[in-house]
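Open the model in your viewer and keep the selection panel at hand.

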Amino acid sequence: MSALHHALTEYLRTRRALGTKLGWPESSLRQFVDFIEAEGEGEDFVTIASAMRWAIQPVGVQRATHARRLGIVRGFALWLQATDARTQVPPHGVLPARQRRPLPHIYSEREIADLIGAAGKLHSAVGLRRVTFQTLIGLLVSTGLRPGEALSLDVADVNLVSGIMAVRESKFGKSRFVPLEHSARVALAAYAELRGATRHCYEARAFFVTEHGSRLCACTTRLTFAKLCQTTGLRRKPIVGRCGSGPRLQDFRHTFATRRLVEWYRAGLDVDRLIPRLATYLGHVRVAETYWYIQAVPELLRLATERMERVAQSGVQ
């Protein structure tokens, strides 16, 4: 193992010891170190030039991707500089990328039904793949879980008797319990029975599995969902090798939160008092993250404005 690879291993170990979950950053940094060593210029340390060359390698991607790649290297370089003075840290802003949170797509009932119907037509050797994606979509719609939280569920986390799911060490290391509606419990129970009767799956630890019994991975899930969106007309069919842009799995979470807020506003409830409860349910660290939906969704902004006007008028009277 080279000195730079050894340093990277120590960096990753330190980050994990501090509670950071590393997936894409780890694979990217290993590719970066391999890139430095493969360049054959005698470099065995990080320079701004080498970081820049590696960061802008991908062609046909958004500038934000280049900036994110450089940001990952910057974190490693900052840590490495403490023990290797030759290390150069790429400055902030050298690859500018406009940071803008994408507006959510709020699914209609028809769109959800079409996606579940399209999932029921997926190629599936034993039928489990179809039901897996139908159940996954249904769970995201009914609970507002983050896609990663749903994919990380183990069988032991889903209590079909009490109707409570345990979401463990999710974003920012937070854990919480999520109650299930009756229809969701019935659907999850049916899926559990099918996966338990499928070869390779009955001893699997993960709740959502492939037909070979392995945990459903995020990359495959996103790709399959993109194809479902293309099938239903929610995404245009892109060039070969691309998923195209359009609605995402994360938007089921946005749809869940938006529907709750719309229901509360229409019912004339005190939304300001209820939002902290929704924030806790969704696993938001700050209530401001939940308030973001009001600004991002036109209908919610209109309802909030109308409510403020009514409150103001009642105060005048």
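Contact here means heavy atoms within 4.5 Å. The model is predicted.

**Stop 1: the whole chain**

Show the protein chain as a cartoon. The chain has 13 helices and three strands. Colour by burial next: of its 317 residues, 41% count as buried. Then turn to contacts between residues at least 6 apart in sequence. Of these, 57% join residues at least 24 apart.

**Stop 2: helix 6 against helix 8**

Select residues 128-143 for helix 6 and residues 182-197 for helix 8. Which residues of the two helices meet? From helix 6 come L128, V131, T132, T135, L139 and S142. From helix 8 come A184, A187, L188, Y191, L194 and R195. By class, this contact has eight nonpolar, three polar and one charged residues.

Now look at the axes. Two packed helices are described by the angle between their axes and the distance between the axes. For helix 6 and helix 8 the angle is about 155°, and the axes lie 10 Å apart. Angles over 145 degrees count as roughly antiparallel, so helix 6 and helix 8 are roughly antiparallel to each other. Their crossing is left-handed.

**Stop 3: helix 6 against helix 10**

The crossing of helix 6 and helix 10 is right-handed. On helix 6, pick I137, L140, V141, S142 and T143. Their partners on helix 10 are F252, F256, R259 and R260. The classes here are five nonpolar, two polar and two charged residues. S142 is listed in the contact with helix 8 and in the contact with helix 10.

**Stop 4: the core**

Select L115, L139, L145, F208, F225 and F252. Of the 37 residues in the largest nonpolar core, these touch the most other members. Helix 5 (109-119), helix 6, helix 7 (147-151), strand 2 (164-167), helix 8 and helix 9 (218-232) each supply at least two residues of this core. Which element gives the most? Helix 6 does, with six residues.

Zoom in on L139. Leave aside its neighbours within four places in sequence. L139 is then in contact with G144, L145, A150, L153, M165, L180, L188 and F208.

**Stop 5: another core**

Notes:
Residues are numbered from 1 along each chain as its sequence is written. This is a predicted model: local features need pLDDT of at least 70, side-chain atom pairs count only at pLDDT 80 or more; totals for chains, interfaces and linings use all residues. Side-chain values use heavy atoms; hydrogens and water are left out. Axes are lines fitted to C-alpha atoms, for helices over the stretch in contact, and angles run from 0 to 180 degrees between N-to-C directions. Helices (H or I, at least four residues) and strands (E, at least two) are DSSP runs, numbered from the N terminus. Angles under 35 degrees count as roughly parallel, over 145 as roughly antiparallel, 65 to 115 as roughly perpendicular and the rest as oblique. A crossing is left-handed if the near helix is turned anticlockwise from the far one by less than a right angle, and right-handed if clockwise. Ala, Val, Leu, Ile, Met, Phe, Trp, Tyr, Cys and Pro count as nonpolar, Asp, Glu, Lys and Arg as charged, and the others, Gly among them, as polar. A nonpolar core is a set of buried Ala, Val, Leu, Ile, Met, Phe, Trp, Tyr and Cys residues joined through side-chain atoms within 4.5 Å. Buried means under 20% relative accessible area, exposed over 50%, partly exposed in between (1.4 Å probe, protein chains only).
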